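Have the sequence and the 3D view open as you read.

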Amino acid sequence: MEPEESPSRPLIDEIHSNGDIGVDEPSRSKRPIISSGEQLDVEAYASLYQGRTKIMRLLFIADHCEGNPGMRLEALRMAYDEIKKGENTQIFREVVQKIDGKMRPDYMMDSVWCDMVDRRAEQKKEKLENELNAYRTNLIKESIRMGYNDFGDFYYAHGALGDAFKSYVRTRDYCTTSKHIIHMCMSAILVSIEMGQFTHVTSYVSKAEQSSEALDPITASKLRCAAGLAHLEAKKYKLAARKFLEAGPELGSHYNEVIAPQDVATYGGLCALASFDRTELKHKVIDNDNFRNFLELVPEVRELINDFYSSHYASCLDYLGNLKANLLLDIHLHDHVESLYDQIRNKALIQYTHPFVSVDLRMMANAFKTSIAGLEKELEALITDNQIQARIDSHNKILYARHADQRNATFQRVLQTGSEFDRDVRSMLLRANLIKHEYNLRASRKL
C-alpha cells in the first residue's frame, strides 16, 4: 500500500494491521467487546417500556428468537403478565395460544378473567356513549372533545386501534387551544405507530410542529423521535438520523410507550454511520453533547461509532457483529439491519481506500477480517457502482486508485464550452438574419 505522501514503512504496516494510525495494540485490546454468545436480557429489555409497545415487543421477540425456546417462553410469560394488568382480551387469547400449554398451569387460558373484562368493557362503552350523546345535546365543545378522547383511550386499551384512531382524530373539530391540538396529534401518532401507518405519523408530526404555541422540550423530543421512526420505516436513513440526533436529553423515559432512550442512541447512531460523511459524523454525532447523553446508555454503539471514525474497522465490525442478533429482535429496526450493515461496511471500505494510491488486498482483507476473494467481490461491486475510483490487479492482489487527470479534464471542459458558445452564437446570428429580412412575415403572407 503506497500513500500519496509516502510515509515511512513501519507507519504503513501499522495502518495495514490496525486500519488507523497511532493506536497501539495493547490499548485496543482492552476495549470491552460484548461476547458473541451473550443473548438479549429479555427482562431488562422489557423494563425499558410500558403499555402496549412493551407487549408487542415481547411478542415480536417470541416470534423471532428462532432456535431459543427458553427466550421465547420467557418473552411470552412476561407478555402474559403484562396483558393481565390491562384490558385487551383479544391479544391475551393470542398469547395463550402461543404458549400452548408449555408453561405451568398459572399461564393457561383464564376464561373467568376474559369474561369479566369483556363484561366491564361493554358496560363502560355504554356509559361513554350515553355521556357523549349528552355532551352533543348540550353542544359543549370541551365536553364533546373529552368524550371522543375517552372513547379513543377505551378503544386503544382494548386493542381496537382503528376505532381509537378515528376517535382521537374526531376531537380535532372540538379543539379550542393549541394544547388540545398537540394532545390530539400525540394520541394519533401513538396509535399510528402501533398500526404501522407511518404516513399518518409524518402528517400529525407536521401538524403538531405547526402549532402556534411553542412546544415544550419533552414534546418536541417526542415528535422528533416519532418523525425519526417514520423516516426509518421509509428507509430514509439520513433524515431518520437527523431527527434522532435532534432529540434532547430531557426526553428520558417520558416516551417509553413508544421508544426508549437506548433506542434513540441505537437507531440514530446506526443511521448516522450508514448515511453521514466523516465531517457530519464528527460534528453531528461525536461532538453532539445532547446525543452523547443517549450514547452513554449504549456503550457498544458509542464505541463502534468512535472506532469507525478512527478507522478501527476490525473493532467496529466486531461490535456490529455482536449487536446484530439483538438488533434483529427489535420491532422497528429488524427490517433495516441488513441494509444498514451493508451501507456501513461499504462506507468503511471506501474510507479505507480513499487516502492511498495502492492498497495490498491481503492486508486489507486482514483488517476487515474477510477472505481476499470475498473482499475482491465487494470492491468490484463498489467500483461498478462508481463509489470507488480504482482498478484491481487480481494477479498481484493490489488495488490501484484511478485518479482523474485534472489537466486533461480541464482542457475537455474548455473545448466543450467553446463548442457550446460557437453553436449559440451561430443560432443567434441565424435568428437575427431571419428577423432582419422578414422571412417569417413573407412566408405567412404567401399562405
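Where is the place of N288? N288 sits in the loop between α15 (278-286) and α16 (289-295). Keep in mind throughout that this is a predicted model.

## The big picture

Let's start with the whole chain. The protein has 23 helices and four strands. Of its 447 residues, 42% count as buried. Take the contacts between residues at least 6 apart in sequence: 62% of them join residues at least 24 apart.

Is N288 buried or exposed? N288 counts as buried because its relative accessible area is 15%, and the cut-off for buried is under 20%. Setting aside neighbours within four places in sequence, N288 is in contact with L245 and H283. Another residue to look at here is E246: N288 and E246 are 42 residues apart in sequence, yet their C-alpha atoms are 9.5 Å apart in space.

## Salt bridges

How many salt bridges does a search of the whole structure find? The count comes to 27. One of them joins the side chains of K282 and D287, with 3.6 Å from N to O. Both partners are partly exposed: K282 has 28% relative accessibility, and D287 has 35%. Then there is a network, in which salt bridges with shared partners tie together K238, R242, E280 and K284.

R145 and E142 make another salt bridge through their side chains, at 2.9 Å from N to O. Both belong to helix α8 (residues 141-157), and they are three residues apart, about one turn of the helix. In general, an α-helix has 3.6 residues a turn, so residues three or four places apart point the same way. R145 is buried, at a relative accessible area of 7%, while E142 is partly exposed at 31%.

E82 and K85 form a salt bridge too, and here the N to O distance is 3.5 Å. What about burial for this pair? E82 is buried, with a relative accessible area of 14%, whereas K85 is exposed, with 64%.

Which residues of helix α9 (residues 161-170) are buried? They are L161, A164, F165, S167 and Y168. Looking down the axis of α9, you'd find these buried residues within an arc of 165°, so they line one face of the helix. What they pack against is a set of other helices: α4 (52-64), α8, α10 (178-195) and α11 (198-209).

H158 is in the loop between α8 and α9. With 17% relative accessibility, H158 counts as buried. If you don't count residues up to four places away in sequence, H158 touches E87, N88 and A121.

## The largest pocket

How about the volume of the largest pocket? That volume is about 600 Å³. The pocket is lined by 24 residues, and the closest to its centre are L40, Y45, V298, E300 and N326. Several helices contribute: α3 (42-46), α14 (261-275), α17 (299-309) and α18 (313-327) each supply at least two lining residues. Sorted by class, the lining has 14 nonpolar residues, along with five polar and five charged ones.

## L40, a residue of the pocket lining

L40 is among the residues closest to the pocket centre, and its place is in the loop between α2 (25-29) and α3. L40 is buried, with a relative accessible area of 13%. Which residues is L40 in contact with, leaving aside its neighbours within four places in sequence? The list is Y45, I61, M71, N326 and L329.

L40 and A325 are 285 residues apart in sequence, but 8.4 Å apart in space from C-alpha to C-alpha.

Technical notes. Residues are numbered from 1 along each chain as its sequence is written. This is a predicted model: local features need pLDDT of at least 70, side-chain atom pairs count only at pLDDT 80 or more; totals for chains, interfaces and linings use all residues. Side-chain values use heavy atoms; hydrogens and water are left out. A salt bridge is a side-chain nitrogen of Lys or Arg within 4 Å of a carboxyl oxygen of Asp or Glu. Buried means under 20% relative accessible area, exposed over 50%, partly exposed in between (1.4 Å probe, protein chains only). The arc is that of the directions from the helix axis to the C-beta atoms. Contact means heavy atoms within 4.5 Å. On a 1 Å grid over the protein atoms alone, a cavity is a set of points where a 1.4 Å probe fits but cannot get out, and a pocket is an open set with protein on both sides within 12 Å along at least five of seven lines; lining residues have an atom within 4 Å of a point. Grid points are joined across faces, edges and corners, and a volume is the space filled by probe spheres set on the points. Ala, Val, Leu, Ile, Met, Phe, Trp, Tyr, Cys and Pro count as nonpolar, Asp, Glu, Lys and Arg as charged, and the others, Gly among them, as polar.
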